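Reader: I have a model open on my screen and would like to go through a few of its details with you. Could we take them one at a time?
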Amino acid sequence: MDKIIEINSAVNGFVWGPIMLALLVGTGIYLSFRVGFIQFSKIGYWWKNTIGKIFQKSEAGEGEITPLQAVSTALASTVGTGNIAGVTGAIILGGPGAVFWMWISALFGMVTKFSEVTLAVKYRERNEKGDWCGGPMYYIKNGLGPKWKWLGVIFSVFGALAAFGIGNISQINSIASSVNSVAVAFHENAKEFDTVIGLITGVVIAIFVALVLLGGVKRIGQVTEKLVPGMAAIYIVCALVVVIANAGTIPDVFASIFQGAFNPSAVVGGAVGVTMKLAITKGVGRGVFSNEAGLGSAPIAHAATSEKNPVRQGLYGIFEVFMDTIVICTLTSLVVLCSGAATGNYGNNDLAGVPTAVAGFASVFGDKLGSLILAVGLLLFATSTILGWALYGTRCAEFLFGSKIIRPYQALFCLVVIAGSVADLKLVWDISDTLNGLMAIPNLIAVLLLSPVVIKLTKEHFNGVNAGKLE
């Protein structure tokens, strides 16, 4: 067991370390240059064709979902505990400057995700049930050719296994912990029943997930389409209340973010272990962990879209990173920094997560209501993430073993939801975190090798737009 922990720690240090993070950001920079920095130069266009169409009704055929349902499913998996616990942890361990590097990774990650989604729609295929299937394993097989299928197999193995950790155990654990926190906040004796409360929570979530999965990809899209906008609105409004209540601190907070990006010690007062290297790695790492740009997961959801134009669906990839990181992660950062919840706690591992976020909301709403707000946020965020990753894991398993594996995999996935709500499965979570990072390697290889296709499709699309042939 000690050897397994040692090996996993070493591999994790690489996949979430400076070299891989530089590769992830570097890929975004390279692709941005090649497609003309469309995240900036075409901001009006992608804004109009994503958020501008969010309330437009559209129909999807058999085995497919609408573009909005596709982006909702993808956002469901990206907007999770990383937006709260992950961001707070990055600030505590890397200082306020981590937020700056989180922004940088997101700005270039927008084009990485745009490229992934574009390729997913370009190279998708129908499965035995008539559903659209796509993602890195399919654009590797269909784009790079059969001789590269082994690379798609590697991605699928990592994805099918990682789904149990990042998309399941870590999420249900956070839900159970937050429900227990609320119970204790309202009744101190509830601490004695934390296992029972956790188990009940796990069973309820597992039943909900099972009922959604039984309806296939269309029901997942229908549920996330309703869940994601609502959960985002609730969290954004509550976070804005905290920020507005501390409006006087906003100028100093932004100053600390920019100064802390290059000189952390000047901001955190020489807190032990907080360095510029940590500010960069924690900021970039948690940003990538949250928005999943470059990891290859979200394209699996986008491949099911009814949209026929790969580039037009790719625009939702840009919007996705914007919404996840620039909006939601930034608001979490401002709650923690404007409220002063992080002050004096820099470098403290024990407070690098939910407790500091709770303190931020409690500063305005009080302990009980603050705990409740965060619990509701985590419940909605984490439940939606479980649904999204259930789809990702299923598609990866299907690529490996065919459609016959779908129901057994989903049944096991739901059982793990129950187990994860009460068990201390830290090692499983740590290994899955590593596998999640390893997914990026085959995906980035494919995206870079297929970048000429992305460049060609993007140029053709915007030439069509400029000529008035496309909207």
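Reader: Where does Phe37 lie?
Author: This is a predicted model, and in it Phe37 sits in the loop between α2 (18-34) and α3 (38-41).

Reader: And what is the phi of Phe37?
Author: The phi of Phe37 is near 50°, which is a positive value in a residue other than glycine. As background, most residues other than glycine have a negative phi.

Reader: Is Phe37 buried, exposed or partly exposed, and why?
Author: Phe37 counts as partly exposed because its relative accessibility is 23%, and the buried class is kept for values under 20%.

Reader: What about Glu292, where is that one?
Author: Glu292 is found in the loop between α14 (276-291) and α15 (298-302), and although Glu292 is not a glycine, it has a positive phi of about 60°.

Reader: Does Glu292 count as buried or exposed, and why?
Author: Glu292 counts as buried, because its relative accessibility is 2%.

Reader: Changing topic to the helices: at what angle do α5 and α16 cross?
Author: The axes of α5 (residues 67-78) and α16 (residues 310-338) cross at roughly 35° and come within 10 Å, and the crossing is right-handed.

Reader: Which residues make that contact?
Author: On α5 they are Pro67, Ala70, Val71, Ala74, Leu75 and Thr78, and on α16 they are Gln313, Tyr316, Phe319, Glu320, Met323 and Asp324.

Reader: How do the residues of that contact divide into nonpolar, polar and charged?
Author: In the contact of α5 with α16, eight are nonpolar, two are polar and two are charged.

Key. Residues are numbered from 1 along each chain as its sequence is written. This is a predicted model: local features need pLDDT of at least 70, side-chain atom pairs count only at pLDDT 80 or more; totals for chains, interfaces and linings use all residues. Side-chain values use heavy atoms; hydrogens and water are left out. Axes are lines fitted to C-alpha atoms, for helices over the stretch in contact, and angles run from 0 to 180 degrees between N-to-C directions. Helices (H or I, at least four residues) and strands (E, at least two) are DSSP runs, numbered from the N terminus. A crossing is left-handed if the near helix is turned anticlockwise from the far one by less than a right angle, and right-handed if clockwise. Contact means heavy atoms within 4.5 Å. Ala, Val, Leu, Ile, Met, Phe, Trp, Tyr, Cys and Pro count as nonpolar, Asp, Glu, Lys and Arg as charged, and the others, Gly among them, as polar. Buried means under 20% relative accessible area, exposed over 50%, partly exposed in between (1.4 Å probe, protein chains only).
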